[in-house]
Amino acid sequence: MVDVQTLMGVLQSFGKRRVLVLGEAILDRYLKGSATGICREAPVPVVGLQTILEAPGGAANVAANIAALGAQARLVSWVGADDHGQRLRALLEGQGVDCTGVVADGNRRTVVKQRLRCDDQLVARFDEGDVGPVAATLAARLAAALSAAAAGCDAVVVSDYGLGLMGPVVHEALRRLRGQGLALIVDAKDPGRYRHLAPLVAKPNFAEALRLLGVGGVPPDGRPAFIARNEDRLLDATGARSVVVTLDAEGALLLGAGGPYRTAGRVVPAAHAAGAGDTFVSALTLALASGADTCVAMDLAAAAADVILAREDTATCSREELGRELAGQGKFLRAPTQIREMAGRLRQKGRRIVFTNGCFDILHRGHITYLERAKALGDVLIVGLNDDDSVRRLKGAGRPLNPLADRIAVVAALGCVDHVLAFAGDTAHGPIEMVRPDVFVKGGDYVAKTLPEVALVEELGGRVRLLEYIDNSSTSGLIARIRRDAQAG
């Protein structure tokens, strides 16, 4: 991962950027309630509706995320001349999006995606609104709006959901903008349609990449290896300088200029992924427009998406939230009440909690492999870090080499780590009582019967797993080798 100072420097420049977003605006609605019984007409729950939430979706969500990250966002799209369209426009304007280029059309109904959630379980999604190719008069208005909105912009994001906006007339207007030198980032159901425009970046997800390649199914050697093996074909199919393929829990893979480079993923329920791709492309675009290299842009985009993946609905990532995420503060649990409440919410939602602890003084390959294996044992990985005084008691004078604040920032920066907490004791009894993990993990250099925490973990209903020890990967051994080399030199 790129160092935090570099990422923070790019983040601070977001406020100077202007980005034009072109694509279908969607109104996302979330209907939430609890089950009150089983329906007599069919074996389905009767949901007592409690709240209705609305948020910009589709290209509107991309624009809202760009504005939340501190930049100026201009949206070119259409809405119907209906209540849904008016509410969507009001939501966008309330979030600071320039909607001058949003055309209201009385002949079409606003596209709305409604999700029914019962006790945190997604029960159904039902869509309404008009899709399909836009009429010639609307296409001409959109093309004119696109040309007007482009003035002074640093980049254009195409957020093409395949609902009919991107017809020949709008494509031609976009081609003219590309001829003026504007950076083009394409996030489309069919990125191949933009091959002739030679985008700076095309961002398909895995399913879209498979369609580009004309194949189906997950290959036996896994998705990342398959994508990497087909780098040349994907670059040719999109015409892009770089291709970023998002792989859900397996992160994202950059091919072409700046690549290969892969970011870590985060395992979350599918319902949490709504809008995460929009947030990813928003941060990626702003970083590239700020002059960052593609790897830096990838890390910023992955961190922004992680903020969204911690939520259940379509949402935006603010510049302040991204800053905290990059610094590790978004994952750091400070107060005992915060730890207990967070763990309680995870248990209520059926999440499997994995907990491990240690000093993690100098992060090395062994640590990373160990933490990735620990995360694979559940849904959420919480890491407890010994504070500086307890490290000195355990490891001796001169330790830790890195103070607690630095160790928190480094461990929290790992994609496999969901939360970090600090504790003062020589054992992890305190955090275990607060977290009540389903799985307590330690390295294979420990023996279960000698671990003081085992009895408490089992008393609380959890189990203990010892992971294989990785030879020559201890911090103490690393320090000893450094000292030997210094004396020999």
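Which residue does the side chain of Arg 115 meet in a salt bridge? The views below come from a predicted model, and the answer is in the legend to Figure 1.

**Figure 1. The salt bridge between Arg 115 and Asp 28.** The side chain of Arg 115 meets that of Asp 28, with an N to O distance of 3.6 Å. The two residues belong to distant parts of the chain, 87 residues apart. Arg 115 lies in strand E6 (residues 111–118), and Asp 28 lies in strand E2 (residues 25–38). Arg 115 has a relative accessible area of 13% and is buried. Asp 28 is buried as well, at 6% relative accessibility. Both values count as buried because the cut-off is under 20% relative accessible area.

**Figure 2. The salt bridge between Glu 172 and Arg 175 in helix H5.** The closest N and O atoms of this pair are 2.5 Å apart. Helix H5 covers residues 168–179, and the two partners are 3 residues apart within it, so about one helical turn separates them. Glu 172 is partly exposed, at 31% relative accessibility. Arg 175 is also partly exposed, with a relative accessible area of 41%.

**Figure 3. The salt bridge between Asp 127 and Arg 125.** Here the closest N and O atoms are 2.7 Å apart. Is Asp 127 buried or partly exposed? Its relative accessibility is 44%, which counts as partly exposed. Arg 125, at 45%, is partly exposed too.

**Figure 4. A network of salt bridges.** Three residues are linked in this view: Arg 29, Glu 54 and Arg 87. In total, the count for the model comes to 17 salt bridges.

**Figure 5. The chain around the close-ups.** The chain contains 18 helices and 19 strands. Its radius of gyration is 25 Å, close to the 23 Å given by the globule rule for 489 residues, so the chain is as compact as a globular protein of that length. Along the principal axes, the C-alpha atoms fill a box of roughly 75 × 70 × 40 Å. Of the 489 residues, 53% are buried. Among contacts with a separation of 6 or more, 70% are between residues 24 or more positions apart.

**Figure 6. Surface and charges of the chain.** The accessible surface comes to about 20900 Å², and carbon and sulfur atoms account for 51% of this area. The chain carries 57 positive and 55 negative charges.

Methods. Residues numbered from 1 in each chain as written. Predicted model: local features only at pLDDT ≥ 70, side-chain atom pairs only at ≥ 80, totals over all residues. Heavy atoms only, no water. Salt bridge = Lys/Arg side-chain N within 4 Å of Asp/Glu carboxyl O. Helix = DSSP H or I, 4+ residues; strand = E, 2+ residues; numbered from the N terminus. Buried < 20%, exposed > 50% of the residue type's maximum accessible area, 1.4 Å probe, protein only. Rg over C-alpha atoms; globule rule 2.2 N^0.38 Å. Contact = heavy atoms within 4.5 Å. Areas by Shrake-Rupley, 256 points an atom, 1.4 Å probe, with all protein chains shown as cover. Lys, Arg positive; Asp, Glu negative; His and termini not counted. Charge placed at Lys NZ, Arg CZ, Asp CG, Glu CD.
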